Amino acid sequence: MFFDEGQNLLATLGGRRLLPIPTPAAPAPVLAAATLSTQAASSAAALGPGLAAGTYGYRLSLLIDDFESAAGPESTVTWAGPGLGEVRITLPVLPAGATGVNIYGRTQGAEVLLVRAAVGQLAPSTFIDQGQPLAGQQPVPANSAFKRSGGRIHRLHVPGTGGTPGNVKMMDTADPTGGTGITVFGPSTPAAASITDLQIPCQAGILIQSPAGMIYAVTYS
């Protein structure tokens, strides 16, 4: 892949990858509540023990190769009983550039990671939440992209047209919210039609934060 405006060459060669920003927007999940019907209600062996009556919230984020996008809008569904239930989450058709989807749930307004790279369990396009353990990670906030493991940030390229350049901040962190970690670049506003050669190693993970509407690309490995 090449991304060049004549000043320099920005290429995914030698194991480098390109992350275009903004990333695709994650859709709101499509939900349906149902009785716990894919396993015996007395057994937790299949997926989980079942969900008690209540209202449950879910959000999706997209995977773009090694990076995760900001979480999309929340959807909620109510299981009214009687007995235990489950929530069936329809996996979306992925937009161009996305390679997978993460699901956040289950407390309305306070969702945490339920599953990474979700796939259908009992049907190809349906993920079923039966109260299985949560992974617990906080969602990636708006105007951010997060890589879970360490890597190296190579270059930042701001094209000459499209979007208004603003402050970009990069952190070496395992926290997708940016609450902890070490700032390795910025906040800084690169010039339009510029390429910034960074070559910054990150050990814990990579969090990239930028203003809404700014168009740029980052190469990493």
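**A close look at Thr 173**

Beyond the residues up to four places away in sequence, Thr 173 touches Phe 146, Thr 180, Gly 181, Ala 204, Gly 205, Ile 206 and Leu 207; a contact means heavy atoms within 4.5 Å. Thr 173 lies in the loop between β14 (168–172) and β15 (182–188). Strands (E, at least two residues) are DSSP runs, numbered from the N terminus. With a relative accessibility of 1%, Thr 173 counts as buried, a word that stands for under 20% relative accessible area, computed with a 1.4 Å probe on protein chains only.

The side chain of Thr 173 also reaches two backbone atoms. One is the nitrogen of Asp 175, at 2.9 Å. The other is the oxygen of Thr 180, at 2.6 Å, and Thr 180 is also among the residues that Thr 173 touches.

This is a predicted model, in which local features need pLDDT of at least 70 and side-chain atom pairs count only at pLDDT 80 or more, while totals for chains, interfaces and linings use all residues. Residues are numbered from 1 along each chain as its sequence is written, and side-chain values use heavy atoms, with hydrogens and water left out. pLDDT is the predictor's confidence in each residue, from 0 to 100. The protein chain has a mean pLDDT of 89, and 89% of its residues reach 70 or more. Over residues 1–14, however, pLDDT stays under 50.

Now the strands. In β13 (residues 151–158), 6 of the 8 residues are buried, so this strand is largely enclosed by the rest of the structure. Two strands pair if DSSP finds at least two bridges between them. β13 runs antiparallel to β16 (residues 194–202), with 7 bridges joining them, and Arg 155 stands opposite Asp 197 in β16. β13 is also joined by 4 bridges to β18 (residues 216–220), again antiparallel; here His 157 stands opposite Ala 217.

Elsewhere, 3 strands form an open, antiparallel sheet in the order β4-β8-β11. β4 (30–35) and β11 (126–129) stand at its edges with a single partner strand each, so one side of each has no neighbour in the sheet. β4 is joined to β8 (residues 85–90) by 6 bridges, and Ala 34 has Glu 86 in β8 as its bridge partner.

How values were computed
Buried means under 20% relative accessible area, exposed over 50%, partly exposed in between (1.4 Å probe, protein chains only). A polar contact is a pair of N or O atoms within 3.5 Å; within protein, one must be able to donate a hydrogen and the other to accept it, and residues adjacent in sequence count only if both atoms are side-chain atoms.
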